[in-house]
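Visitor: I am new here and would like to learn how such a structure is read. Could you show me around?
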Amino acid sequence: NMLEAVAGTYRILDNYYLFGRNIPVWGDLLGDNTYISASNSSRLLSFNNYSYVSNSAEILQMWSQSYYAILQANRVLATELPESANVSQLKGEALGIRAMLYLYLVNYFGKSATANPTADGVPVVTIPTNIGGAFIKPARSKVSEVYDQIIADLNEAFNIMPDAGTTLHAANTNFISKYAVKALLARTYLYKGDYENARKAALEVVEKGGYSLAADETAFKSYWASGVARTDKLETIFEINNSATANNGVEGIDWMYTTLGDVLATDNLYSLYSATDLRQGLIVQAARGANTVNYINRYQNTGNADRDTC
């Protein structure tokens, strides 16, 4: 039952209001790395124009779906099962999920930690409704307090997760591993402006996590052409699964980039990569009407039942 509860929590993350599309696409749009083409399917136009309204379905759903997943993680963490390697692994994954969601929530709905750490962040809820009640409505915690909770969750997760992981589910990149937790901690410290601890956590991932980069162009292109989760720790530390039975179809990130071609890379982004940079090969320059544009070709399996992870 605990395993099924954790699996269900991962499934929420795949929603296109969260990591199945909107969160990574917003990051690209708001970072000026991409833009929505004039020829588009009318998705996410307000974000392309930096125009936000209080009744935006995308914003409301990011908030509600994030807290729904946090609720499920809290239920897992409140288990009364006796401690074991498997229980510790699943608790660590739940802590990692909760921390990751709070990291994105506080960055989208609060001020930057480097600009004003005492500004209002987001409400922090760490108990399930069967303990705290069905209508928990705490005040917004300060940005610094949200970061304190994220760091505490990630440190606890890393400390309790066994080095060998678990035999309960596959040892692949669709599940949060011990060093995926450490990678999230590095990102958290980076966003917080604690660069020394960010460097320290990142170095632990590099030196102890066992991950590697594609050695050449053939391996790199093969990596992106594959739709399966990695078991060899190549390139990917953690990714959300878009399987044959659990994907967003035409609403997914793969359709947004590759099939619809709604989101295009800016010329500035393309020019950042040298001609010998393997990443430039995933941006295809081709005609759209009278213009030459930069198509993003990362997600190449929209026609397959088993989609890309993201």
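Guide: Welcome! The divisions of the lining of the largest cavity are 1 nonpolar, 6 polar and 2 charged residues. Please keep in mind that this is a predicted model.

Visitor: What makes the space in question a cavity?

Guide: A cavity is space where a 1.4 Å probe fits but cannot get out. The structure holds 1 cavity of 30 Å³ or more, and about 30 Å³ of space lies in the largest cavity. Its lining is made of Gly 20, Asn 242, Asn 247, Asn 248, Gly 249, Gly 252, Ile 253, Asp 254 and Arg 307.

Visitor: Which of these classes does glycine fall into?

Guide: Gly is counted among the polar residues.

Visitor: What about the second largest pocket, and which residues lie nearest its centre?

Guide: About 410 Å³ of space lies in that pocket. Its lining has 24 residues, and Gly 165, Ala 171, Ser 177, Lys 178 and Lys 233 lie nearest the centre. Helices H5 and H8 (178-192) are the elements that give two or more residues to this lining. By class, the lining has 9 nonpolar, 9 polar and 6 charged residues.

Visitor: Why is Tyr 179 called buried?

Guide: Buried means under 20% relative accessible area. Tyr 179 has a value of 16%, so Tyr 179 counts as buried. This residue sits in helix H8. Leaving aside neighbours within four places in sequence, Tyr 179 is in contact with Phe 158, Glu 204, Val 205, Lys 208, Gly 209, Tyr 211 and Ile 237. Tyr 179 and Phe 238 are 59 residues apart in sequence, while their C-alpha atoms are 9.4 Å apart in space.

Visitor: Is Asp 32 buried or exposed, and how do you know?

Guide: Exposed means over 50%. The relative accessibility of Asp 32 is 53%, so Asp 32 counts as exposed. Asp 32 lies in the loop between H2 and S1, and has a positive phi of about 65° although it is not a glycine.

Visitor: Which residues of helix H2 are buried, and what covers them?

Guide: In H2 (residues 22-30), the buried ones are Asn 22, Ile 23, Val 25, Trp 26, Asp 28 and Leu 29. Their cover includes strand S1 (34-36), helices H3 (45-48), H4 (57-77), H5 and H11 (253-259), and strand S2 (263-265).

Visitor: How many residues does the largest nonpolar core have?

Guide: That core has 75 residues, and those with the most contacts inside it are Leu 13, Phe 19, Val 25, Tyr 102, Ile 150 and Val 263. Helix H5 (residues 85-109) supplies the largest share of the core, 13 residues. As for Leu 13, leaving aside neighbours within four places in sequence, its contacts are Leu 18, Phe 19, Gly 20, Ala 69, Ile 97, Met 100, Leu 101 and Ile 240.

Visitor: What makes S3 and S4 a pair?

Guide: Two strands pair if there are at least two bridges between them. S3 (residues 283-288) and S4 (residues 291-296) are joined by 6 bridges and run antiparallel, so by that rule they pair. Gln 285 stands opposite Asn 294 in S4. The two strands form a hairpin with 2 residues between them, and Gly 289 in the turn has a positive phi of about 65°.

Definitions and conventions. Residues numbered from 1 in each chain as written. Predicted model: local features only at pLDDT ≥ 70, side-chain atom pairs only at ≥ 80, totals over all residues. Heavy atoms only, no water. 1 Å grid on protein atoms, 1.4 Å probe; cavity = no way out; pocket = protein on both sides within 12 Å on 5 of 7 lines; lining within 4 Å. Points joined across faces, edges and corners; volume = space filled by probe spheres on them. Core = buried A, V, L, I, M, F, W, Y, C linked by side-chain atoms within 4.5 Å. Buried < 20%, exposed > 50% of the residue type's maximum accessible area, 1.4 Å probe, protein only. Helix = DSSP H or I, 4+ residues; strand = E, 2+ residues; numbered from the N terminus. Contact = heavy atoms within 4.5 Å.
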